[in-house]
Amino acid sequence: MGRPLTFDRAEAVRAARDVFWHEGYEGASMATLQQATALNASSIYHAFGSKRGLFDAAVEDYLDQVVRPGLTPLRGPDVEPGALAQYFRSAREIFADPSGRTLPDGCLLVNTACSGLARDDGIAEVVRVYRAELHAAFLRGVGARHPGLPLADRERLAETLVALLVSALVMTRVDAGAALASLDAALTSLEGNPTP
């Protein structure tokens with residue numbers, strides 16, 4: 001049996017993304033993926049090559065649909081001085097809302113970095129690129145907020161903010177209060193006097 005006639009690749013990838021996000025790569029069974037995507041196993045293999053191929057497509061979708069839109073105000077030619085603080089305030093609102101669909105699931109890429117799949121060179125590179133994108137966007141935001149700050153201090157502050165975000169993304173799975181505390185610390189670090 002081949003792909004359904006009404007096969008929508010983007011819709012299937014998004015459905016699989018949510019399964020991987022909730023269950024992890026190892027925990028996502030083919031039966032669960034088939035049910036979520038409305039594709040049978042042969043259709044998944046035909047369209048994506050393997051479960052791993054479907055996962056790779058899901059990761060790209062996660063970056064394009066979840067991560068990068070939030071970073072858009074920090075990536076343009078003119079970053080507003082309050083853009084990075086707004087990013088963290090928005091993140092805090094999402095983390096504080098218990099009705100959030102994926103809040104208890106943290107971040108697909110951070111979760112993957114903490115799994116056995118992180119030993120895979122391709123996955124490790126995707127996670128490194130994700131982290132580098134966060135750092136570059138946060139560095140631009142720090143520069144807009146504190147234009148007179150020396151570059152080394154901006155780099156340190158951006159690094160601190162990335163670490164606090166990652167901490168929040170990890171802790172949201174086990175301790176929502178600790179996740180919010182990390183985001184609060186990020187806002188305090190950004191809005192306070194960052195000079196040593």
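Across the protein the average pLDDT is 89. A score of at least 70 is reached by 91% of the residues. Residues 1–5 fall below 50. This stretch still has eleven contacts in the model beyond near neighbours in sequence. Where pLDDT is low, the predicted coordinates should not be read in detail.

Helix packing was examined next. H4 and H7 pack with their axes 12 Å apart, at an angle of about 5°. Angles under 35 degrees count as roughly parallel, so H4 is roughly parallel to H7. On the H4 side the contact is made by Arg-52, Phe-55, Asp-56, Val-59, Leu-63, Val-67, Arg-68 and Leu-71. H7 contributes Gly-122, Ile-123, Val-126, Tyr-130, Glu-133, Leu-134, Ala-137 and Phe-138. By class, eleven residues of this contact are nonpolar, one is polar and four are charged.

A second pair of helices gives another geometry. Helix H2 spans residues 30–37 and helix H3 spans residues 41–48. Their axes lie 9 Å apart and meet at an angle of about 80°. Angles of 65 to 115 degrees count as roughly perpendicular, so H2 is roughly perpendicular to H3. Met-30, Leu-33, Gln-34 and Thr-37 of H2 take part in the contact. Their partners in H3 are Ala-41, Ile-44 and Tyr-45. Five residues of this contact are nonpolar and two are polar, with no charged residue.

The loop between H2 and H3 holds Ala-38. Ala-38 has a positive phi of about 60°, although it is not a glycine. Most residues other than glycine have a negative phi. Ala-38 counts as exposed, because its relative accessibility is 61% and the cut-off for exposed is over 50%.

Charged pairs were then considered. Side chains of opposite charge can pair when their charged atoms come close. The count comes to 13 salt bridges. One of them joins Arg-52 to Asp-120, with the closest N and O atoms 3.0 Å apart. Arg-52 lies in helix H4, residues 51–71. Asp-120 lies in the loop between helix H6 (108–113) and helix H7 (121–145). The pair therefore ties together parts that are 68 residues apart in sequence. Asp-120 is partly exposed, with a relative accessible area of 28%. Arg-52 also belongs to the contact of H4 with H7.

Other salt bridges lie within a helix. Asp-64 and Arg-68 meet in a salt bridge at 2.6 Å, N to O. The two residues are four apart in helix H4, so about one helical turn separates them. Asp-64 counts as partly exposed, at 40% relative accessibility. Arg-68 is also among the H4 residues in contact with H7.

In helix H7, Arg-128 forms a salt bridge with Glu-125. The closest N and O atoms of this pair are 3.1 Å apart. Arg-128 and Glu-125 are three residues apart, about one turn of the helix. Glu-125 is partly exposed, with a relative accessible area of 40%. Salt bridges also link Arg-14, Arg-17, Asp-18 and Asp-61 in a network.

Notes
Residues numbered from 1 in each chain as written. Heavy atoms only, no water. Salt bridge = Lys/Arg side-chain N within 4 Å of Asp/Glu carboxyl O. Buried < 20%, exposed > 50% of the residue type's maximum accessible area, 1.4 Å probe, protein only. Axes fitted to C-alpha atoms, helices over the stretch in contact; angles between N-to-C directions. Parallel < 35°, antiparallel > 145°, perpendicular 65-115°, else oblique. Contact = heavy atoms within 4.5 Å. Nonpolar A, V, L, I, M, F, W, Y, C, P; charged D, E, K, R; others polar. pLDDT = per-residue confidence, 0-100.
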